[in-house]
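Okay, thanks for coming, everyone.

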Amino acid sequence: RLAEAGMGAAPDMLEAPRGLAQVYADGMDVAHAFAAPAGGWHLKRNIFKHHAACFMALSPLEALVRLGERRPLSPETVRAITVRVEGDYHRVVLTPPPKTGLAAKFNLAFCVALLLAGYDTGDPATFSDTLAGRPDLHDLAARCRIEIDPSVAFTAAQVDVTFEDGGTDGLYVDVGEPDADLDRVEARLRTKFATLTADLGEAERDATVARLLDIENLEDVRALHPRGAA
């Protein structure tokens with residue numbers, strides 16, 4: 001508001017002698033502050049949350065999504081699922097059988113059951129009190145065995161599926177690592193955006209997505225809103 005009213009400031013107000021940094025901190029290393037971080041820019045390692053469940057349930061769900069691309073997964077085809085996760089981090093989703101939709105987000109076995117039953121775990125509406133009260137989904141969750149494995153990375157999971165015909169398949173997934181397949185990331189983000197903006201028309205939604213994907217060339221950030229500057 002001060003800037004809007006016309007108040008100015010020195011362009012080097014942060015790093016200048018007696019500037020903000022030196023006034024409020026014990027020391028200021030300007031060269032270090034402007035240098036690229038040794039581990040790379042964290043923004044370039046940004047990750048996206050494709051499921052509406054607790055983050056700690058995402059690696060198992062992602063593993064099942066990718067396993068399902070190899071061979072259809074359903075209550076009829078899957079006999080059992082074993083999920084191996086790191087213990088301390090995943091204690092949050094190793095909870096009693098849920099009675100509410102909110103609790104379902106924090107129960108790993110029930111999240112697996114929802115996905116196996118064909119529900120869209122990317123849709124917040126999936127995690128409802130109604131589905132949390134379904135006995136058949138709780139029975140399906142019982143097919144998921146969760147094991148603690150200290151060798152599994154902090155945000156990862158090893159998921160092994162046993163099929164009714166005796167076949168097996170498994171996959172290790174770590175959602176803490178950015179997906180290198182940017183085409184797949186974009187496709188999934190488009191799907192999630194469509195789910196979360198069902199009130200928009202298709203044309204309006206597509207135009208908004210196009211603006212978001214071209215954000216570096218926008219002259220006015222108000223154009224990011226579906227209704228524009230209005």
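Let's start inside: the largest cavity has a volume of about 40 Å³. By cavity I mean, on a 1 Å grid over the protein atoms alone, a set of points where a 1.4 Å probe fits but cannot get out. The volume is the space filled by probe spheres set on the points, with grid points joined across faces, edges and corners. Searching the whole structure turns up 1 cavity of 30 Å³ or more.

Quick housekeeping: this is a predicted model, where local features need pLDDT of at least 70 and side-chain atom pairs count only at pLDDT 80 or more, while totals for chains, interfaces and linings use all residues. Numbering runs from 1 along each chain as its sequence is written, and side-chain values use heavy atoms, leaving out hydrogens and water.

So who lines that cavity? Among them are Val-78, Leu-116, Arg-143 and Cys-144; lining residues have an atom within 4 Å of a point. Strand S1 (78–85), helix H6 (108–116) and helix H8 (135–141) each supply at least two lining residues, and H6 gives the most, with 3. Helices (H or I, at least four residues) and strands (E, at least two) are DSSP runs, numbered from the N terminus. By class, the cavity lining has 8 nonpolar, no polar and 1 charged residues. Here Ala, Val, Leu, Ile, Met, Phe, Trp, Tyr, Cys and Pro count as nonpolar, Asp, Glu, Lys and Arg as charged, and the others, Gly among them, as polar.

Now the pockets. A pocket is an open set with protein on both sides within 12 Å along at least five of seven lines. The largest pocket comes to about 790 Å³, and 33 residues line it, with Phe-48, His-50, Val-185, Glu-186 and Leu-189 nearest its centre. Its lining divides into 17 nonpolar, 3 polar and 13 charged. Which element gives the most to that lining? That's H9, with 10 residues. In the second largest pocket, about 200 Å³ of space, H9 again gives the most, with 4 residues.

Last, H9 and its partner. Helix H9 (residues 182–196) packs with helix H10 (residues 202–213) at an angle of about 135°. Angles run from 0 to 180 degrees between N-to-C directions, and axes are lines fitted to C-alpha atoms, for helices over the stretch in contact. Those axes are 11 Å apart.
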